Amino acid sequence: MSSLTEKDRPIVQLLWNTGTCPRCIFRFCCVGSQTPYKRPYKDLMKELKEFLKNNPEKEDAVCFEVADPPCKRIRLENTEERPDDLNQNGVLKPIPLVNEENTALESSAVKVCNVCLGILQEFCEVDFVKKVCQKVKSADYQFTSFVFSVSLPPQLSVRERAAWLLVKQETGKLGLSLAKDDIVQLKEAYKWIIHPQLSEELGVPADGKSLFEVSVVFAHPETDEECHFLATACPDCFKPAKNKQSVFTRMAVVKALEKIKEEDFCKHFPCPPSSPKNFCVALEIQCNNGAVFVAGRYNKYSRNLPQTPWIIDGERKLESSVEELISEHLMAEFKADSFNFSSSGREDVDVRTLGNGRPFAIELVNPRRIHFTAEEMKRLQQTINNSSDKIQVRDLQLVTREAIGHMKEGEEEKTKTYSALVWTDKAIQKEDVAFLDDLKELKLDQKTPLRVLHRRPLAVRHRIIHTMKSEYIDEHHFRLHLKTQAGTYIKEFVHGDFGRTKPNIGSLLNRTADILELDVESVDVDWPPTLDN
Amino acid sequence: MAAAQGGAERYFTRWYKPDVKGRLCEDFCVLQHSNRICVITLAEAHPLLQNGKTIKSINYQISANCSRLQNKVSGKSKRGAQFLTELAPLCRISSSDGEKYTIYSCIRGRLIEVNENILNNPAILQEKPSTEGYIAVVLPKFEESKNITQGLLTQKEYEEVLLKRLNSSS
């Protein structure tokens, strides 16, 4: 075996005898090259046996024959934790090499590795790769690369530690030192082996930054309780939290292993770890695509449409909503699980949005389809516009997550223009409203409007009305166009909100005023980029 | 969006509490918004709103330890608000003819704010009692919001009370 040298022999023999698989043996011998790990399991077993047989130190031929399954008896005995594997001094007992039983029949079946519990055994092989790829293909995702993420049961860390302590003791005897960092990590070796196979089968490269994630969760219920001793040794690592099903998470176990002293560890956990009966199982194979973002601008022509669904006590108060009318078609095309709608500010149910419309962005969660040409987006925009006369969208396009920031900037900083239909109790003449046109940069003090005070903190907002333009209609009506700072409550500026917005149209005209209609004429944000629609 | 009552009180339902504390005609009107917020105001029959009455002073200091002006609320849940019961006084108003009137909360809930505008300009209390001349804004507890109107009269019921007063005095 070219990857292993004579120097490694004692470790190889030791781990082999305790029931460790070839790839884990490589790891503990610090075999850093990927190639040996990728070779088929059967070949590795064969060559390892050869390696152990050709022991230049041993002269007694009898020992060679039984070198193969000498640990079988030990495996049979070690199906549970054996504290008496340690003698009184906490030193590991030497494991007998000689075994008189005929074990030829057993040698064909694959024994479960006592360190990786099968992860580096059957879960590297073709059958498992095929199973994963079949799941991926049937899920019908569009992707150009993948990231493969693996969740291992926490007890693997415990077993790894036990194996390391065993190996460390042995190398110590030989006058060599072995640092934990020199050992090849299980996950790393696993990815060396499985990535190329997945990549070949799926036809796309593995990429750590890929948005398409294939994740597998492994479990080994048989040994789940092996972590429990850590809770008594390091209780503060294991605090129950609301979200966690079990308190023994991988993070918590790793943390506890860092804290626990060697002697305490060996007291509670067998070194070497016992051989389990069963392999790990792959609990779930799931696929997930990173979110895509679609932006655009919407016009709202209905005075009876909320932005988000209006549901009180489970009862829908008004039919549909802006976000549903837009998202419905996107969800269908992108085949996403769910969506998050956000916009640069919003308007009331009874307010129309005219002009260029209001910028919005929709996050589509876990979309199956991610590639759309400009043409396809245009067609999608047309579909949305054909489906409803209450809303219309424009400039529909794919954007990045970072771009959303531009939209939210608009909410705080940019100006908006409005058109309001105002009613007054006492009669007005043209001259009475003309002076409003001359008021520039009018400062307002607006207390939180009563209509939102139940869900907003009480505060005073200072806002500016940049310009106004009045259009006299009759003795009790006029239209007012305004350009205001973002965040100005227009309705309250007109009717005064019990005098809590000062000044207001009523106070300026010395009458009681009310707002009959409000339209948003423009939202002055230059995002998303205008497309030639 | 037609102007029914005209102005800010469009979305409010009017509830009444007449003859509070047995004092004749000291009626209050609670404007209840659909979002649970309530505005406490004087009803039109209140002596302070009758012809010839001039307000001399309005005082939010209702006891040695408690001034409604000190009320400070923070956050969405209005923490720190003074809690009011139905007969908690909001302010005391003196008229120039020597009469003294106490304005009561009429409902249970957290005091959000009292109207400081009427301190500077008592006239608006009389000119626009149902809007700019409001006394206070109160937010009942969520669980109690449906019950607060139990002790109050609807517009119709109040009109009957007014009718009875008219008939009994004639």
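Visitor: Which residues in H7(A) meet which residues in H9(A)?

Guide: On the H7(A) side they are Val126(A), Phe128(A), Val129(A), Lys130(A), Val132(A), Cys133(A), Val136(A) and Lys137(A). On the H9(A) side they are Tyr190(A), Ile194(A), Gln197(A), Leu198(A), Glu201(A) and Leu202(A). To meet is to be in contact, with heavy atoms within 4.5 Å. This is a predicted model, where local features need pLDDT of at least 70, side-chain atom pairs count only at pLDDT 80 or more, and totals for chains, interfaces and linings use all residues. Residues are numbered from 1 along each chain as written, chains are lettered from A and ligands numbered from 1 in the order written, and side-chain values use heavy atoms, without hydrogens and water.

Visitor: What makes H7(A) oblique to H9(A)?

Guide: The axes of H7(A) (residues 126-139) and H9(A) (residues 186-202) cross at roughly 50° and come within 10 Å. Axes are lines fitted to C-alpha atoms, for helices over the stretch in contact, and angles run from 0 to 180 degrees between N-to-C directions. Under 35 degrees is roughly parallel, over 145 roughly antiparallel, 65 to 115 roughly perpendicular, and the rest oblique. So H7(A) is oblique to H9(A). Their crossing is right-handed.

Visitor: Which residues meet where H1(A) packs on H8(A)?

Guide: Pro10(A), Ile11(A), Leu14(A), Leu15(A) and Thr18(A) in H1(A) meet Leu166(A), Val167(A), Glu170(A) and Thr171(A) in H8(A). By class, that contact has six nonpolar, two polar and one charged residues. The angle is about 145°, with the axes 10 Å apart. This crossing is right-handed too.

Visitor: How many helices and strands does chain A have?

Guide: Chain A has 18 helices and 15 strands. Helices (H or I, at least four residues) and strands (E, at least two) are DSSP runs, numbered from the N terminus.

Visitor: Why is the pair of Glu160(A) and Arg27(A) called a salt bridge?

Guide: The rule asks for a side-chain nitrogen of Lys or Arg within 4 Å of a carboxyl oxygen of Asp or Glu. In this pair the closest N and O atoms are 2.7 Å apart. Therefore the pair passes the rule. Glu160(A) lies in H8 (residues 155-173) and Arg27(A) in H2 (residues 22-28), so the pair ties together parts 133 residues apart in sequence. By this rule, the count over all chains is 32.

Visitor: Why can such side chains pair at all?

Guide: Side chains of opposite charge can pair when their charged atoms come close.

Visitor: Is Glu160(A) buried or exposed, and how do you know?

Guide: Buried means under 20% relative accessible area, exposed over 50%, and partly exposed in between (1.4 Å probe, protein chains only). Glu160(A) has 15%, so Glu160(A) counts as buried. Arg27(A) has 0% and is buried as well.

Visitor: What are the values for Glu47(A) and Arg39(A)?

Guide: Glu47(A) has 27%, so Glu47(A) is partly exposed. Arg39(A), at 29%, is partly exposed too. These two form a salt bridge, with the closest N and O atoms 2.5 Å apart.

Visitor: Which salt bridge in chain B joins distant parts of the chain?

Guide: Asp27(B) pairs with Arg165(B), the closest N and O atoms being 2.7 Å apart. Asp27(B) is in the loop between S1 (12-17) and S2 (28-33), Arg165(B) is in H3 (residues 155-169), and the two are 138 residues apart. Both are buried.

Visitor: What makes phi of Asp497(A) worth a mention?

Guide: Phi is near 50°, a positive value in a residue other than glycine. Phe498(A) also has a positive phi, about 65°. Asp497(A) is in the loop between H17 (490-495) and S14 (501-502). Phe498(A) is in the loop between H17 and S14 as well. Asp497(A) is buried at 3%, and Phe498(A) is buried at 1%.

Methods
A crossing is left-handed if the near helix is turned anticlockwise from the far one by less than a right angle, and right-handed if clockwise. Ala, Val, Leu, Ile, Met, Phe, Trp, Tyr, Cys and Pro count as nonpolar, Asp, Glu, Lys and Arg as charged, and the others, Gly among them, as polar.
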